[in-house]
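Hi everyone, thanks for making time for this. I'd like to walk you through one structure, beginning with a single spot and then stepping back. Have a look at it with me.

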Amino acid sequence: MGSNDARPRILLLGEIAHAQRSWEALSELGELVQPNSKNRAEFLQECRDGKLDGVVAAYRTFASAKITGLIDEELVNVLPKSLKYLSHCGAGYDSVDVHACSARSPPIHVSNVPTAVDDATADVTMFLIIGALRNFNTGMQALREGKWIGKPAPALGHDPEGKVLGILGMGGIGRNLKKKAEAFGMKVVYHNRRPLSDELSGGAQYVTFDELLSTSDVLSLNLPLNKNTRHIIGKPEFAKMKDGVVVVNSARGPVMDEAALVEALDSGKVLSAGLDVFEEEPKVHPGLIRNPNVMLVPHMGTYTVETMAAMEEWAIANVRLGLETGKLKSPVPEQDKLK
Ligand SMILES: NC(=O)c1ccc[n+]([C@@H]2O[C@H](COP(=O)([O-])OP(=O)(O)OC[C@H]3O[C@@H](n4cnc5c(N)ncnc54)[C@H](O)[C@@H]3O)[C@@H](O)[C@H]2O)c1
């Protein structure tokens with residue numbers, strides 16, 4: 001075997017759009033490779049044929065699922081045995097089966113990108129809150145149709161000042177949103193799996209899940225998607241909410257039962273909603289499209305130059321740290337105890 005054959009290989013799944021220099025600098029540590037596959041069947045075959053053997057670290061984007069599909073058990077079991085580190089360039093890693101990665105021998109250490117996403121995602125959430133409270137979509141749509149504000153004009157909106165914002169999932173984005181919402185005069189309560197220290201909660205009141213549902217004027221979903229949180233908001237939960245509540249979701253579509261949301265919007269139980277994420281992206285429930293009160297954004301939470309660049313740098317740092325030190329900057333919490 002020549003000395004070059006022993007170099008670790010570093011796999012890119014998806015594209016690097018901003019941090020090219022940092023990506024290319026990884027070539028000091030190994031050979032940078034990309035798959036030849038155009039779809040999941042081809043990718044599985046490419047792995048089975050040993051074409052990616054020797055890959056020690058892989059970097060993946062959300063969009064790379066177009067080629068590989070989900071990083072599920074089937075795929076984990078054919079990924080090269082040499083693979084030790086999987087760096088996901090995003091905060092939400094529901095497209096990676098972490099359990100399967102941990103169970104494999106040797107395990108695959110998974111990392112995500114927390115923190116760098118907080119501002120941009122909280123910003124889009126605030127935009128959705130204000131837009132939904134103020135019926136901005138109705139007016140904006142009428143204007144583009146040449147009807148100025150529309151006839152009849154949209155119903156008067158509501159001010160955020162003095163309203164209770166309930167945050168479900170008080171992590172990085174939830175806490176960032178709290179600060180922004182307070183600047184708009186909102187009072188923030190939250191529910192989390194565990195109450196936070198005063199320092200972390202910033203004085204926001206911890207409430208039970210049911211209290212969160214029954215006291216919020218605006219409910220914001222900021223928790224990860226996993227088997228415990230799928231459809232955490234559905235028909236029974238809407239029934240516990242205030243009449244005329246506003247619901248916003250910038251986490252993941254499946255944490256809310258979209259059909260139940262449409263029903264609650266149609267009945268008037270929910271006044272309006274603001275959504276950046278959907279149950280079956282890129283499909284959007286027709287009941288949401290036809291409802292002019294609803295603010296719809298096509299998953300643009302982190303869609304800014306600054307945030308995408310920071311996310312790429314962070315995810316590349318995870319690859320580098322894995323290769324250089326064996327310790328990751330941000331391992332996913334499910335693998336806290338994985339050696
Ligand atoms: N729209 C976008 O573009 C976009 C961008 C970034 C992140 N996200 C999504 O937002 C989610 C949150 O991101 P984050 O960086 O704030 O994550 P985070 O891990 O910092 O925070 C998530 C919080 O949710 C809490 N939580 C988990 N399960 C819960 C439950 N059952 N009930 C109540 N709370 C629960 C956790 O304890 C944690 O405090 C991500 O998982 C991701 O799916 C979306």
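Let's start with Gly185. Is Gly185 buried or exposed? Gly185 is exposed, because 11 other C-beta atoms lie within 10 Å, and a residue counts as exposed at 12 or fewer. Keep in mind that this is a predicted model.

Where does Gly185 lie? You'll find Gly185 in the loop that runs between helix H8 (172-183) and strand E7 (187-191). And what does Gly185 touch, leaving aside residues up to four places away in sequence? Its contacts are Pro160, Glu161 and Gly162. Take Glu161: it sits 24 residues from Gly185 along the chain, and yet 4.2 Å separate the two C-alpha atoms.

Now let's step back to the chain. If we look at contacts with a separation of 6 or more, 71% of them are between residues 24 or more positions apart. The chain has 339 residues, and 40% of them count as buried. A compact globule with 339 residues would have a radius of gyration near 20 Å, and the chain has 22 Å, so the two agree. Along the principal axes, the C-alpha trace spans about 75 × 50 × 35 Å.

How many helices and strands are there in the chain? There are 14 helices and 12 strands.

Next, the domains. The chain is divided into domain 1, made of 3-116 + 306-335, and domain 2, which is 118-296. Where they meet, domain 1 gives five residues to the contact and domain 2 gives seven residues. On the side of domain 1 that touches domain 2, we have one nonpolar, three polar and one charged residue. The centres of the two domains, taken over C-alpha atoms, are 33 Å apart.

Finally, let me show you a sheet. As a reminder, strands of a sheet pair through backbone hydrogen bonds, either parallel or antiparallel.

Zoom in on strand E1 (residues 9-13) and strand E3 (residues 55-60): they pair in the parallel sense over five bridges. There, Leu11 stands opposite Ala58 in E3.

Notes
Residues numbered from 1 in each chain as written. Predicted model: local features only at pLDDT ≥ 70, side-chain atom pairs only at ≥ 80, totals over all residues. Pairing = 2+ DSSP bridges. Helix = DSSP H or I, 4+ residues; strand = E, 2+ residues; numbered from the N terminus. Domains from an automatic or database assignment. Contact = placed C-beta atoms within 7 Å. Nonpolar A, V, L, I, M, F, W, Y, C, P; charged D, E, K, R; others polar. Rg over C-alpha atoms; globule rule 2.2 N^0.38 Å. Buried ≥ 20, exposed ≤ 12 C-beta atoms within 10 Å, placed from the backbone.
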